[in-house]
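Open the structure in your viewer and keep the selection panel at hand. The stops below say what to select next and what is there.

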Amino acid sequence: MNTSRRILLLTLLALAPALRANEETDPGRAPIGAVAVIVYHATDGDPKAAGARAVAVDEATAKRFRREKRLQFRHYRRLGADTQPLLRSYESWAEPFKPSHELLVRFEAQGRSTADSASLDLELWLSGKKTIKTYSVIERDRPLLVLGPEWRGGRLMIEVAMATQPGKDP
Amino acid sequence: MNTTPDELTLARWLDDDLDGAELEAMEAWAAKHPEQLAAREESRRWRGWITTAVPAETEPPYAEFFNHRIARAIRANSTSNATPALATPARTPWRHFFIPLTACAGMVIAFLLGTRIQSGHPEIDVAGAPRAIPVDLLPYTPDLDVEAEYFKSPGAAAMVIVLNGVGAIPDSLELIQTASVSQEEDEERPMASAPQNPQSSGS
């Protein structure tokens with residue numbers, strides 16, 4: 001290793017902590033909330049088609065869904081969920097089927113969030129393709145429900161809701 | 001020799017407006033053209049008929065009387081509108097001070113009014129304006145075959161988007177294999193412990 005390469009390596013090593021500190025102190029990476037993405041399998045057929053590990057939703061959630069005519073199904077099974085922080089100036093990706101990328105939700109803050117609402121730039125990606133892009137203001141007691149693609153005799157239903165903190169469902 | 005008259009001469013001959021050598025030349029030419037003689041007779045007959053049908057121009061009665069009245073009215077109007085003699089302005093000394101003083105006072109008042117308008121309250125009071133303008137959600141679907149129907153559902157206490165035309169996920173795809181992995185199991189798996197976003201997290 002010649003002298004110039006040594007100097008370059010030493011310089012990078014010396015700057016590494018500063019770069020890391022800069023990344024940590026970047027105010028744009030500060031979380032200003034959290035968003036949960038939950039995927040359900042809604043079907044009028046056999047709920048076991050979703051698999052043995054799918055979890056039936058509680059009765060209150062099922063009743064809430066059934067109060068909307070377009071979302072009325074006999075069975076609702078929870079397939080997956082992911083909660084990601086809502087960053088001040090960076091986008092976040094929720095992967096409810098992690099590590100699969102079959103269904104992804106990208107979201108980004110579009111305004112100052114409060115404890116009860118968040119303005120989001122939202123994208124739903126299915127099978128590697130952007131399916132929806134929208135602007136949405138979700139509230140703590142009013143999430144966004146997307147009745148999505150068909151799967152195994154039913155349809156996937158994606159709920160985007162405010163969460164208390166990353167890793168915890170609303 | 002060409003003896004055919006031009007149109008203007010022919011028209012004047014038809015109106016009996018020629019005399020002298022021109023008239024003689026035209027008469028000699030017309031003697032060989034009986035149709036032109038007939039046309040002149042017709043023209044004469046029409047003129048005679050018009051003379052008998054249309055009354056002759058008559059002078060208005062008492063014309064001199066009316067003209068005299070009009071002339072007198074014009075004279076009287078000119079006398080009343082005559083510019084009066086300009087009065088010589090009184091050269092009072094206070095006017096020399098009063099006019100500039102009034103001008104200065106006007107400028108001061110205009111300046112004060114201008115400063116008051118600038119430092120006043122704005123015309124639009126935004127103190128009571130809402131912090132955010134509610135905007136309806138407008139889903140955009142890049143795929144032309146996909147339609148997104150948006151509505152607010154009071155029953156479900158949610159905003160709802162119904163996707164129509166989106167391709168079905170193959171039934172053979174096992175979404176559930178990884179979806180229902182609990183948080184504890186997820187942490188135990190080295191592959192899934194780190195975020196694996198397909199796209200860059202910075203935007």
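Start by selecting β5(A): seven of its seven residues are buried, so this strand is largely enclosed by the rest of the structure. The model is a predicted one. Colour the side chains of β5(A) by the side they point to. On one side are Leu103(A), Val105(A), Phe107(A) and Ala109(A), on the other Leu104(A), Arg106(A) and Glu108(A), and all of them are buried, which leaves both faces covered.

Strand β4 of chain A, residues 92-94, pairs with β5(A) in the antiparallel sense over three bridges. Strands in a sheet are held as pairs by backbone hydrogen bonds, in a parallel or an antiparallel sense.

Next, centre the view on Ile138(A). Which residues is Ile138(A) in contact with, leaving aside its neighbours within four places in sequence? In chain A they are Val35(A), Asp116(A), Ser117(A), Ala118(A), Leu120(A), Leu144(A), Val160(A), Ala161(A) and Met162(A), and from chain B there is Met159(B).

**The cavity**

One cavity of 30 Å³ or more is counted, and the volume of the largest cavity is about 70 Å³. To see its lining, select Val105(A), Leu122(A), Glu123(A), Leu124(A), Ile132(A), Thr134(A), Leu144(A), Val146(A), Ile158(A), Val160(A) and Ile161(B). The elements giving two or more residues to this lining are β6, β7, β8 and β9 of chain A. With three residues, β6(A) gives the most.

**Strand β9(A) and its partners**

Select β9(A) next. Is this strand mostly covered or mostly uncovered? It is mostly covered, with 10 of its 10 residues buried. β1(A) runs antiparallel to β9(A), and 10 bridges join the two. Within that pairing, Val35(A) has Met162(A) of β9(A) as its bridge partner. β8(A) is also antiparallel to β9(A), joined by six bridges, and Val146(A) stands opposite Ile158(A) of β9(A). Follow the chain through the hairpin of β8(A) and β9(A): two residues lie between the strands, and Arg152(A) takes a positive phi near 50°.

**The sheet across both chains**

Zoom out to show the sheet that holds β9(A). This open sheet has seven strands with mixed pairing, in the order β2(A)-β3(A)-β1(A)-β9(A)-β8(A)-β2(B)-β1(B). At its edges stand β2 (55-56) of chain A and β1 (147-153) of chain B; each has a single partner strand, so one side of each is left without a neighbour in the sheet. Further in, β1(A) and β3(A) run antiparallel and are joined by 12 bridges, with Pro31(A) having Leu87(A) of β3(A) as its bridge partner.

Finally, colour by chain. Chain A has two helices and nine strands, in the sequence pattern α-β-β-α-β-β-β-β-β-β-β. Of its 170 residues, 47% count as buried. Chain B has seven helices and two strands, and reads α-α-α-α-α-β-β-α-α along the sequence. Of the 203 residues of chain B, 16% count as buried. Among contacts between residues at least 6 apart in sequence, those joining residues at least 24 apart make up 52% in chain A and 22% in chain B.

How values were computed
Residues are numbered from 1 along each chain as its sequence is written. Chains are lettered from A and ligands numbered from 1 in the order in which they are written. This is a predicted model: local features need pLDDT of at least 70, side-chain atom pairs count only at pLDDT 80 or more; totals for chains, interfaces and linings use all residues. Side-chain values use heavy atoms; hydrogens and water are left out. Contact means heavy atoms within 4.5 Å. Two strands pair if DSSP finds at least two bridges between them. Helices (H or I, at least four residues) and strands (E, at least two) are DSSP runs, numbered from the N terminus. On a 1 Å grid over the protein atoms alone, a cavity is a set of points where a 1.4 Å probe fits but cannot get out, and a pocket is an open set with protein on both sides within 12 Å along at least five of seven lines; lining residues have an atom within 4 Å of a point. Grid points are joined across faces, edges and corners, and a volume is the space filled by probe spheres set on the points. Buried means under 20% relative accessible area, exposed over 50%, partly exposed in between (1.4 Å probe, protein chains only).
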